[in-house]
Structures are given as C-alpha cells and as structure tokens.
Amino acid sequence: GNKRAYAVDLGGSVRNMDNAASHLLAKFGEKWNGGEVVRNFDVNGYRVQILYRTNVGGPHWDHLHLGVRKVE
C-alpha cells in the first residue's frame, strides 16, 4: 500500500538465508559475522534495510527482510 516503499521477506533453508545475508551485506561493503543483522544503507536517494536473526521490527528468525524506500 505504500508507493514510496517496498519490502520482501526471503525464506528458505538456513544455509540459503545465511548466504543471502552474506552476499547482500558484501554488496554494501560489509562482512557478515553470522550474528544479528540490523542494517540500513542509503544509496542514490533510497534507504535499503536488511533485517535477519533479530526481533527488531518483529521476528526475523525464519526469513531475511529486505526493504527499500525513497528517502525524502
């Protein structure tokens, strides 16, 4: 319902979600240590949010949350 934001939850095996977390963070120049992921990156007028293995913003233990929104 929000025209300025989009989010998707990526599920799958723990191995696949771990690989996705590792690869996504690497795209933003960070190395994942295998723990909680609560990250926001500002890129070209957009904010990218990655949540995994955390209760921040709700439980994100069985999926990886990827959100993007236009920054005003």
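**Entry 1: L24**

I began with L24 and located it in helix α1, residues 14-27. Helices here are DSSP runs of H or I with at least four residues, strands are runs of E with at least two, and both are numbered from the N terminus. I noted that the model is predicted: local features need pLDDT of at least 70, side-chain atom pairs count only at pLDDT 80 or more, and totals for chains, interfaces and linings use all residues. Residues are numbered from 1 along each chain as its sequence is written, and side-chain values use heavy atoms, with hydrogens and water left out.

I then listed the contacts of L24 (heavy atoms within 4.5 Å). Apart from neighbours within four places in sequence, L24 touches I50 and L64. I also checked L66, which is 42 residues from L24 along the chain; their C-alpha atoms are 9.4 Å apart.

**Entry 2: salt bridges**

I searched the whole structure for salt bridges and found three. The criterion is a side-chain nitrogen of Lys or Arg within 4 Å of a carboxyl oxygen of Asp or Glu.

D18 pairs with R53 at 2.8 Å, N to O. D18 lies in helix α1 and R53 in the loop between β3 (46-52) and β4 (64-70), so this pair ties together parts 35 residues apart in sequence.

E30 pairs with R39, with the closest N and O atoms 2.6 Å apart. R47 pairs with D42, and there the corresponding distance is 2.7 Å.

**Entry 3: accessibility**

I looked up how accessible some partners are, taking buried as under 20% relative accessible area, exposed as over 50% and partly exposed as in between (1.4 Å probe, protein chains only). D18 is buried at 19%, whereas R53 is partly exposed at 23%. D42 is exposed at 52%, and R47 is partly exposed at 24%.
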